[in-house]
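This briefing is for a reader who is new to the structure. Please look over the sequence and the model first.

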Amino acid sequence: MNHEEFQRTTGADPTHLNEALRRHLAHCAECVEYYADVLSLEARLRSALEISLPYRPLPPARDSPAVWWYGLAAAFALVTIADWFLSPDKWLRTVKAILVPIIGVSTSQ
Ligand SMILES: [Zn+2]
């Protein structure tokens with residue numbers, strides 16, 4: 001076992017040392033210092049996670065007025081587009097209105 005193996009293994013789970021980790025720790029000052037830092041960090045994290053906060057229920061969610069306006073606009077656009085596609089006359093008139101000024105040819109008789 002070397003320093004890197006010890007530090008990687010104890011960094012992942014500092015609470016469980018197997019026999020090989022204990023043997024390395026018994027003979028390595030560098031890893032003793034590292035292990036003390038890891039245990040200190042672990043203790044601070046554990047205490048930070050145990051902070052209890054007062055329970056305050058959230059207010060019921062309400063739709064904002066903007067959501068209703070977006071929904072209304074989307075519904076209006078959908079109806080307009082559906083009407084445009086379902087009415088061939090409107091579609092042809094719209095295409096003619098767009099293409100005639102561009103290509104300069106009138107398709108009407
Ligand atoms: Zn070591």
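This is a predicted model: local features need pLDDT of at least 70, side-chain atom pairs count only at pLDDT 80 or more; totals for chains, interfaces and linings use all residues.

Residues are numbered from 1 along each chain as its sequence is written.

**Confidence**

- The chain averages a pLDDT of 86, and 94% of the residues score at least 70; pLDDT is the predictor's confidence in each residue, from 0 to 100.

**Overall form**

- The chain holds five helices and zero strands, where helices (H or I, at least four residues) and strands (E, at least two) are DSSP runs, numbered from the N terminus.
- With a radius of gyration of 36 Å, well over the 13 Å that the globule rule gives for 109 residues, the chain is more spread out than a compact globule. The radius is taken over C-alpha atoms, and the globule rule is 2.2 Å times the number of residues to the power 0.38.
- The C-alpha trace spans about 100 × 45 × 20 Å along its principal axes.
- Of the 109 residues in the chain, 5% are buried. A residue is buried if 20 or more other C-beta atoms lie within 10 Å of its own, exposed if 12 or fewer, and partly exposed in between, with C-beta atoms placed from the backbone.
- Among contacts in the chain with a separation of 6 or more, 40% join residues 24 or more positions apart; a contact means that two C-beta atoms, placed from the backbone, lie within 7 Å.

- Helix α4 (residues 65-86) has 22 residues and reaches 32 Å from its first C-alpha to its last, close to the 32 Å expected. The expected span is 1.5 Å times one less than the number of residues.
- The number of buried residues in α4 is zero, so this helix lies largely in the open.
- Helix α5 (residues 88-103) has 16 residues, and its end C-alpha atoms are 21 Å apart, which agrees with the 22 Å it should span.
- Zero residues of α5 are buried, so α5 also lies largely in the open.
- Gly104 follows α5 and has a positive phi, near 75°.

**Arg62**

- Arg62 sits in the loop between α3 (29-49) and α4.
- Arg62 is exposed, because 7 other C-beta atoms lie within 10 Å.
- From Arg62 to Ile103 the C-alpha distance is 52 Å, and the two are 41 residues apart in sequence.
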